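The sequence and structure come first.

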Amino acid sequence: MMNSLPPVKGDRIICELPLYFTRDAAVHTKDGFNITVREACQGQKTGLFPHGDLWLVPTMLNVAKIIVVGDVGVGKTCLINRFCKDTFDKTYKATIGVDFEMERFEVLGVPFNLQLWDTAGQERFRCIASTYYRGAQAIIVVFDLSNYNSLDNAREWLEDAMRDNDPSSVLLFLVGTKKDLSHPDQLAQMEQEAVKLSEEIRAEYWAVSALSGDSVRDFFLRVASLTFEATVLSELERNNSRQVGDIVKISNNCNENYKKRQSNCCR
Ligand code: GDP
Ligand code: MG
């Protein structure tokens, strides 16, 4: 089925780990993808796992569920629309219930999809929303850089979203929007608070503008990359703990193929 899809757009092809926004609040500050992940992806492409000629089960060709939460009007829908459709609509349309967009990526040569869940934010949808929170690989908590209350509420949104998820396996992002609206002094003060909160909740901090597009693409590429990295690592862990009988050995002649391609980049 994958083969019938059009190719992934050029700007969704990730070969190198995109940089964090600020060193003070990053999921990690390494400047490249985890080496085990790189090797596994190389093996995935060639049909070989580099250590021991084992077939890496294709379940790692995953769809990651990413939920986007935060107060009404902070700019969640605009942020998603800027990235997915490269548009910005000034007229406000409340999101009803929950919506999701699917974005296709290729990371280190491996297809990877992000399902971006846009929640309504209204108090009355909170109980409905909790069923959608379940099974998220990443949570994006959004606040408005020009509205202190929305940052104050961010912690509560995070707690809500985490209730149905495993804290050890979810990546967190704290994103300040509407950067274009803030006066530099106000921005600096808000950022200081936001970085403090990010450190506390172990989230990666980003400041963006959906109106100008500032940092929006960099942010989502970073989300896709870190989520991919975490997904592959946990898949490898599961793989390692499987019974030998579950793992399919592949024939030796592919070995040559693997060695030939090993030196290439991710394409
Ligand atoms: P949501 O309720 O969190 O989904 O918020 P929306 O995405 O619908 O945005 C709420 C309002 O904020 C809309 O009127 C948008 O035009 C405005 N908005 C969103 N993002 C930005 C931004 O980056 N800059 C500016 N100036 N306005 C924004
Ligand atoms: Mg919305």
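Two strands pair if DSSP finds at least two bridges between them. Strands (E, at least two residues) and helices (H or I, at least four) are DSSP runs, numbered from the N terminus. The model is predicted: local features need pLDDT of at least 70, side-chain atom pairs count only at pLDDT 80 or more, and totals for chains, interfaces and linings use all residues. Residues are numbered from 1 along each chain as its sequence is written, chains are lettered from A and ligands numbered from 1 in the order in which they are written, and side-chain values use heavy atoms, with hydrogens and water left out.

**The strand**

In strand S2 (residues 63–69), six of the seven residues are buried, that is, under 20% relative accessible area with a 1.4 Å probe, protein chains only. S2 runs parallel to strand S4 (residues 110–119), with six bridges between them. Here Val68 is opposite Asp118. S2 also runs parallel to strand S5 (residues 138–144), through four bridges, and Ile66 is opposite Ala138 of S5.

**The ligand**

Around ligand 1 are 18 residues, the closest being Gly73, Lys76, Cys78, Asp180 and Ala210; a residue counts if one of its heavy atoms lies within 4 Å. The table gives polar contacts, pairs of N or O atoms within 3.5 Å.

| Protein N or O atom | Distance to an oxygen atom of ligand 1 |
|---|---|
| Lys178, side chain | 3.0 Å |
| Leu211, backbone | 3.1 Å |
| Ser209, side chain | 3.5 Å |

Taken alone, ligand 1 exposes 580 Å², of which the protein buries 89%, by the Shrake-Rupley method with a 1.4 Å probe.

Conventions: A polar contact is a pair of N or O atoms within 3.5 Å; within protein, one must be able to donate a hydrogen and the other to accept it, and residues adjacent in sequence count only if both atoms are side-chain atoms. Buried means under 20% relative accessible area, exposed over 50%, partly exposed in between (1.4 Å probe, protein chains only).
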